[in-house]
Amino acid sequence: MPAHSPLDAERAHLAASRAALRAMRADAEALDIKDVTANWVNAQVLRSEIDLRIKSLADLDGTPLFFGRLDYLRDLDAEGESGHRFYIGRRHVHDADGDPMVIDWRAPVSQPFYRASKRDPRDVRLRRRFGYDGGELTAYEDEHLSDPAEEARTSALLQREIERPRVGPMRDIVATIQPEQDEIVRAALGGTVCVQGAPGTGKTAVGLHRVAYLLYSHRERLARSGTLVIGPNRSFLRYIEQVLPALGELEVKQATVDDLVGHVPVRGADSATAARIKGDARMAEVLRRAVRSGVRMPREPVVVVRGSRHWRVPVHELEEIVRELLARDIRYGSAREALPQRVAHAVLVRMEQAGEAPDDRTQNAVARTPAVKAAVKEIWPLVDPAKLVLRLLSDADFLAEQSAGLLTPEEREEIRWEKPARGVASARWSPADTVLIDEARDLIERTGSLGHVVLDEAQDLSPMQYRAVGRRCSTGSATVLGDIAQGTTPWATESWAAALAHLGKPDAVVEELTRGFRVPREVIAYASRLLPAIAPELSEATSIREAAGSLEVRRVPDPAGLDHAVVAACREALAHEGSTGLIAADARIGALADALAAAGLSHLAPGEETSREARLTLVPASLAKGLEYDYVVLDDPAAVVDHEPDERTGLRRLYVALTRAVSGLTIVHAAPLPPQLAAG
């Protein structure tokens, strides 16, 4: 290779950029703040911000500092080279003079790297993509977007990056974001976006990159109000937890819905029917009635003693105050705080009519008098949300009274506890119960709102869970990610319109992603046989991957040989590069774990990080959602379906399991396949 080849020049720029990044980090580490802060608190805050800055400037091993280059048409020099050349990467890097060496992918000038095309070149002369092996730059590929003589073609480097084997946790897709994905990523902060994404369309990655983009564009605003990523379970959150740090965002919190509403320990479980009823939106009105049920109309006047004077507020006026507060439909706790002030104001009116001149201090003093405090305690008693829900689920008469016209007698009987708990601490709360407590808490005192929330696998939430999430972004916005066809809970939503209404974001824009980048063509076509039964209104997903992928269905004649056949399929999958997932019905996990151990095959649990030494993960079907493996061995599809409470949920669970493969899928079964798969 010539000494001054273009590849050598690009490697030299990479080396110089890494040196500049190290210098930026060294400058941050050398900052002396001893004489620039007014007090210890300010010093601590500034120190933590500097430490975060230092951490964000780390040069991550094996992570390319830049992945693309844009040369614009403007200001060409004598040699025809552009004076506007930008290297696009995961973070901004500048030299000692402050001139940019790498531009952050989120900057406006970077947008054409993702959106420009031969049809719409956006003033780009050349788009260059780089290929890497680990952290070493090994290749590049050019597109002359403004040259009409050059035909549009698929990028081989882009295709190679998409199809690169998966080992370890989820990685970012910043080098491969597609135009339709980029539009969602860069959508304005003010609006809520809902992404209906078929398997492998990158909806989770799009949501995470959207968080990174919004933090870049609205750093101060979101630093004040906060951001949160909500996932379906801890395994999923561990799988995605390294994406945002790789993009330079280190402070975004992650949680499950259960984490958000974890006001009491969960030690019980509901039947599917009871969980569906407790998750129904009607329960919000039941709880609203229950919270207010303790309000009592006054039965005697309030008499306030001030010096030698007695000031009397009659019952009818107290009733008027209480009815007005109830009619305003404000939070129960806020109304309780307002009540003594309203009573005190009525006393002040009488004082003024008597010729006195009271002020605000007088009103506050009157509000704190024993007579007023006693009246408030009697009229508007304190409500403990957990105790309220405990009573609602334990007291048949109370439940019947508060749910009259909302729940049927059969539904009340289904959710009522057979053996009432003696107290909050001893109660066997279920996950659905904690959501009810969260609703009751919000009826009493408003839940704080974040600036932006990303909700992944949103199709599985109940209406009450949507309300719980919606409270966390009531004054902010949300990115809602999911796939109706992958709804695997008995209460899974039937439509995004209904889900968004429960979330409190009925005007959200719904975007549909149907082009798959992860699941091979042959595999997604096979899985799509289930769509007419599980989500007939959805478009069938397509795959842009050039490799069709491998799909093999193996029938085991003797059920006694199923475990052995599954182990053999795992061995074959492990002969390939990349990760392997063995997915099975939850009830089959124990037997398969024993079979793998007997065969000398070690395995990981979902959420544990794969490596080159440990590449096999045993995955219960209930935890497979959102995960991906290069090769998947699927054990006995009929067992996956039969494990669920109804056929539709079972087929949706199977659809999830079928679409976890990146390169190849092997189905091993002894029982007949579900007829929806066998057809076609």
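1. Of the 680 residues in the chain, 53% are buried. The model under review is a predicted one. Its secondary structure comprises 29 helices and 21 strands. The C-alpha trace extends over about 105 × 75 × 45 Å along its principal axes.

2. The accessible surface of the chain amounts to about 30700 Å², and carbon and sulfur atoms contribute 50% of that area. As to contact order, contacts between residues at least 6 apart in sequence were considered, and 73% of them join residues at least 24 apart.

3. Strand 2, residues 85-89, deserves attention on account of its pairing. Four of the five residues in strand 2 are buried, leaving the strand mostly covered. Strand 1, residues 66-72, pairs with strand 2 in the antiparallel sense, and five bridges connect the two. Within this pairing, G68 has I88 of strand 2 as its bridge partner.

4. Strand 2 also pairs with strand 4, residues 100-104; here the two strands run parallel and are joined by two bridges. In this pairing G89 stands opposite D104 of strand 4.

5. Strand 5, residues 124-133, and strand 6, residues 136-143, run antiparallel and are joined by seven bridges. One of the facing pairs places R129 opposite E141 of strand 6. Two residues lie between strand 5 and strand 6, and G134 in the turn adopts a positive phi of about 70°.

6. On the method in general, rolling a probe the size of a water molecule over the atoms shows where empty space is left.

7. Residue A335 lies in helix 14, which covers residues 332-353. Is A335 buried or exposed? A335 has a relative accessible area of 1%, and because buried means under 20%, this residue counts as buried. Once neighbours within four places in sequence are set aside, the contacts of A335 are L325, I330 and W380. For a view of distance across the chain, A335 and L651 are separated by 316 residues in sequence and by 49 Å in space, C-alpha to C-alpha.

8. Helix 17, residues 385-394, is mostly covered, with eight of its ten residues buried. The buried positions are P385, A386, L388, V389, L390, L392, L393 and S394. Against which helices do the buried residues of helix 17 pack? The partners are helix 11 (272-278), helix 12 (282-292), helix 18 (396-402), helix 19 (409-415) and helix 20 (431-444). As background for reading such a list of positions, an α-helix has 3.6 residues a turn, so residues three or four places apart point the same way.

Conventions: Residues are numbered from 1 along each chain as its sequence is written. This is a predicted model: local features need pLDDT of at least 70, side-chain atom pairs count only at pLDDT 80 or more; totals for chains, interfaces and linings use all residues. Side-chain values use heavy atoms; hydrogens and water are left out. Buried means under 20% relative accessible area, exposed over 50%, partly exposed in between (1.4 Å probe, protein chains only). Two strands pair if DSSP finds at least two bridges between them. Contact means heavy atoms within 4.5 Å. Accessible areas come from the Shrake-Rupley method with a 1.4 Å probe; for residues, only the protein chains shown count as cover.
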